[in-house]
Every structure is written in C-alpha cells, then in structure tokens.
Amino acid sequence: MKKIGIILILIIILPVGFLIFNEIGKLNDTEKVLEETYKNQLEAILFSVNQYSDDILNSWANKIIEIKNDRSSLRNFITDNLVIKSIFSLTKNNFESIHFVFDKQTETQSDSIRKLIGSLLFANENLIDKLFEYQKSGYRKLEPLNRDNLSIVIFTNQNASGSDELIGLAINPDLFVRKILLPRLQQVSQNQFRIVIRDSNDRFIISSDNKEFTGGVESEKPVWLLPQYKVGIAFAGPTIQDLIRSRATNNILLIGVLLLILLAAVVFVYSAVKKELELAQLKADFVSNVSHELRTPLALISMFAETLELDRVKNDEKKKEYYSIISQEANRLGRIVNSILNFAKMEAGKRKFNFEPTNLNDVIENIFQTYSYHLYNKGFKFEKYLTDNLPAVRIDSEAISEAVINLIDNAIKYSNEKKEVILRTGISDRKVYVEVSDKGIGIAPDEQKKIFDKFYRVSSGLIHNVKGTGIGLSLVKQIVDAHNGKIELESKTGAGSTFRITLFPDSNN
C-alpha cells in the first residue's frame, strides 16, 4: 500500500506540480504583457493631453504672427483669451527693442512683468540662439520659460523685411489648465480614468472629474509647455496592480482547488485500492476458513462412519453416540453450505423472499425448541422471554430464522466460562424486535462498526482463535436490510453482547 500510495502521488502530484509551475510562469509573462499594454495606453493618453496643449499654443503663435503689427488686434486677441496676460516681441539679440502688449488687468503690473521677462530672456540667451538655429532649418519650436505664477512661451519668426525676431506670450498657468486643458481632460478620460494635474510640489490643481484627488497615479509626465505642472493618470476603478493581484489570486485559487480535487482523488483511489486489497485478503481468509470449517465435520463424519462400517464398535450405546455425532456434523455441514449458498444468492441479488404476515413469537419459539437440546448439551443456559400480543410482522420466516440462528451460533462460539444465551422479543417505538444476548467475551468498540462487513473477522484475542467463515453477521445484515429492518449491537468487552433485530409491523394488520 505504501508503494501504491507513492506511485499515485508521483503520477498525479508531479504533473500537477509541473502544471502549477508552468501556469505561474505564464501568469507572470501575461501580467508583464498586460502591465506593459496598460502602460503604453496611459502614455498615449498623457501624450495626447500634452499634444493638445502644444497645438493650442501653436495656434496662438500663428495668430500672433499674423496680427503682430496691429497693436489693436493684439489687444483684442488678449482680451478674447483671458489666459494670455501679455504679448511681447523683439529683434534678435536686441533686448532694448522689446515691445509689450498687456491686458487691462496686467497693465498695472507692467513694470514688474517687463523686468521679469527681461531677466528671463537675458538668462536664456543660449536657448534663444538655439531657437533661431531651428528657424534656419525650417523648424519653429515653442520653448517655455517659467517663473512663479507666470509662464512665458517664446518662439522665433522672420518678418517681412527678413529680420529675425523673438516673440513671446505670458500666460497664467492655472487659468490655462482650468480653461483650456480641463475640457480636453474630461473628453479623454471618458469616466474610465482620472487625469490629474499637479504642480512640482505635488499640490493638486485640477482633475478630469472636478473632484479633489489625494491618491497616487499610475503614470505622470510634465506638461511640455508648462513644466512646473505635471499631468498624471489614475484609474477610476481598480488600479493595474489591483487587476493583476485579483487575477493572480483567482488563478492561484483555481490551481489550489484543482490540487485539492486531485489530492481528494488520490485519497479516494488509495482508499479504494486499499479496500480492494483488504477485501482480497478477506476473501483469501474466507476460503481458508471455509476449507477448515468443511474439513472438520467431513473428517469426523468420515472417521465415525468408517469405524461403524468396519464394525469395530460392539457397544450399542457407543454406536448410538457415533450416529448422533455423524448426524450433528452433517447438520453442521449443511448449515455451513446453506449459509455460503444463501450468501452467494444475496450477493448476486438472486435470493427470493416470501414475505407473509407472521407472529415473531412463533418463529422464536420454534428456534428455541429446535436448539434447546443442542445448547443444553454444550452446557449453556438457554432462556426465552417472549412479549405477549405482538403485532404481526411481514417477514420471510425462514430468512429471519436463519438470521437469529446465526446470532445464536455466534453467541455459542464466543462464550467463555459464563455460558448463557437469552432470546427476547418485545415492542419499542411501535416496532417489533428480537434480541439475542450472551455473557461471552464481547466485542471491542473499534471493531463493532466492522463486524457486519462481509468476510470480516476480528483479528485479535479469543475471537481470532475461533474458527468461522466471516459471513454469518454479514448475512444477518443483508437479511435484515431486505426486510427494511435494522440491526443494532450493544457490547462490552468481557461482559457479553446483545444483538437486536428491529422489524416494522405489517401495515395491513
């Protein structure tokens, strides 16, 4: 059984282990692909937001270039776009030639803004030179210059006379993200994501759902033309990590359930194989026990018959004794054969029962009269206590007699010094019962559930030394089950046993 158990474990557990290892590897690869896919999607969304802001500022730059020589049109343009605070221009590397156009609210702060922009331009001469180089290559680039609550965006242009000039606009970054970017954020998010804009100190500015946001984001990029701000994205529902964790948990649970089912299958197969091996052993023991049970009466019959045949016994009393022994052993042999045949019929489902309304007392009385002489000769005290006026039960009298006789034979076999067998009938819970009690060696509690199993015999103590076929109690159980009855055992080691057969009264009576 140990070898079978190890083989079963190797056959089932090793493939399952390989499957689990393989699935976990695939799971990790799948999660990496999933995470990369989500990451690319988030990057694309962030890129679209940045691209939109770039497109807006480029459109403004084109408009400014178009109307830059008309101061009135520039002022109207600023008025129409409240985000813009000022527009300025200057010829290449001539910071003294800078010209400004302000909105009405910023007009009062024009001096401070002039100084701020002038210092920023002077500090970024190298950057400005690069912008002019880009222009020579046919490429116009917008470049941000940031300070405090004002964002400066500069770009180059070549005027009608062929001179290079630098143009810029000062914008309010908070207004830009609220007035310009927020509608775009809401369009892109589609309630599936939350797009959040925060400053460089992670201070919340706005989100696509117009709600305060304090959590973490999946991915975050600086706004191209407003580098003091960052645009980030978060899931409106579960995060990528939540989705991955949930999927991993579900897969592990499924694998765990599969493993438990396979382990249960291993246990079931192991138990079934063990039971079959035990049954095979019991059958082998049964054959050995039956051989012995048949050999003993046959040997006695043969021996005493040969003695009588050779006329070696001259005493009539002795002859009578020999004839009696031959008769007893023949009856014993007949009972063994009948038990085996009846058991075989029951196992094959071929035994037929003749159910008739019967008074159980009559059946027990007949058994008592038949077996009294046999038990008295063996030194047993054999008594009966029959309850009067028992209701009739629908039974096969021959089968119930066989069951009770088997219980009596059992009591005889397993009685030690105190030889006593009692038959008792009665009524309990409107059901009729018959009991067979003895004062024998009793049955241990851990053996009591097994004694009705076919071929089972207790493997220790005095019981093991008593010969038997191992089908007697199993046959009793099968007969009682065929009558829809119940058999119960009450036993204590060293104090005897009581078997009770309970039968239902005849419903037509």
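Student: Is aspartate 202 buried, partly exposed or exposed?

Tutor: This is a predicted model, so keep that in mind throughout. The idea is to compare relative accessible area with two cut-offs: under 20% is buried, over 50% is exposed, and values in between are partly exposed. Aspartate 202 has a relative accessible area of 44%, so aspartate 202 is partly exposed.

Student: Which residue does aspartate 202 meet in a salt bridge?

Tutor: A salt bridge needs a side-chain nitrogen of Lys or Arg within 4 Å of a carboxyl oxygen of Asp or Glu. Here the partner is lysine 230, with 2.5 Å from N to O. Lysine 230 belongs to strand S9 (residues 226-235), while aspartate 202 sits in the loop between S6 and strand S7 (204-207), so the bridge ties together parts that are 28 residues apart in sequence.

Student: Which residues are linked with these two in a network of salt bridges?

Tutor: The network contains Arg198 and Glu220 along with Asp202 and Lys230. Within it, the side chains of arginine 198 and glutamate 220 meet at 3.1 Å, N to O. Arginine 198 is in strand S6 (residues 193-199) and glutamate 220 is in strand S8, so this pair ties together parts that are 22 residues apart in sequence.

Student: Are arginine 198 and glutamate 220 buried or partly exposed?

Tutor: Use the cut-offs again. Arginine 198 has 11% relative accessibility and counts as buried, whereas glutamate 220, at 26%, counts as partly exposed.

Student: How many salt bridges are found in the whole structure?

Tutor: The search finds 17.

Student: Which residues form a nonpolar patch on the surface?

Tutor: To join a patch, a residue needs over 30% relative accessible area and no salt bridge. Ile6, Leu10 and Leu14 form such a nonpolar patch, and together they have about 300 Å² of accessible area. Take leucine 10 as the example: this residue is in helix H1 (residues 2-67). Its relative accessible area is 45%, which makes leucine 10 partly exposed.

Terms used. Residues numbered from 1 in each chain as written. Predicted model: local features only at pLDDT ≥ 70, side-chain atom pairs only at ≥ 80, totals over all residues. Heavy atoms only, no water. Patch = residues over 30% accessible without salt bridge, like charges linked within 9 Å, V, L, I, M, F, W, Y side chains within 5 Å. Areas by Shrake-Rupley, 256 points an atom, 1.4 Å probe, with all protein chains shown as cover. Helix = DSSP H or I, 4+ residues; strand = E, 2+ residues; numbered from the N terminus. Buried < 20%, exposed > 50% of the residue type's maximum accessible area, 1.4 Å probe, protein only.
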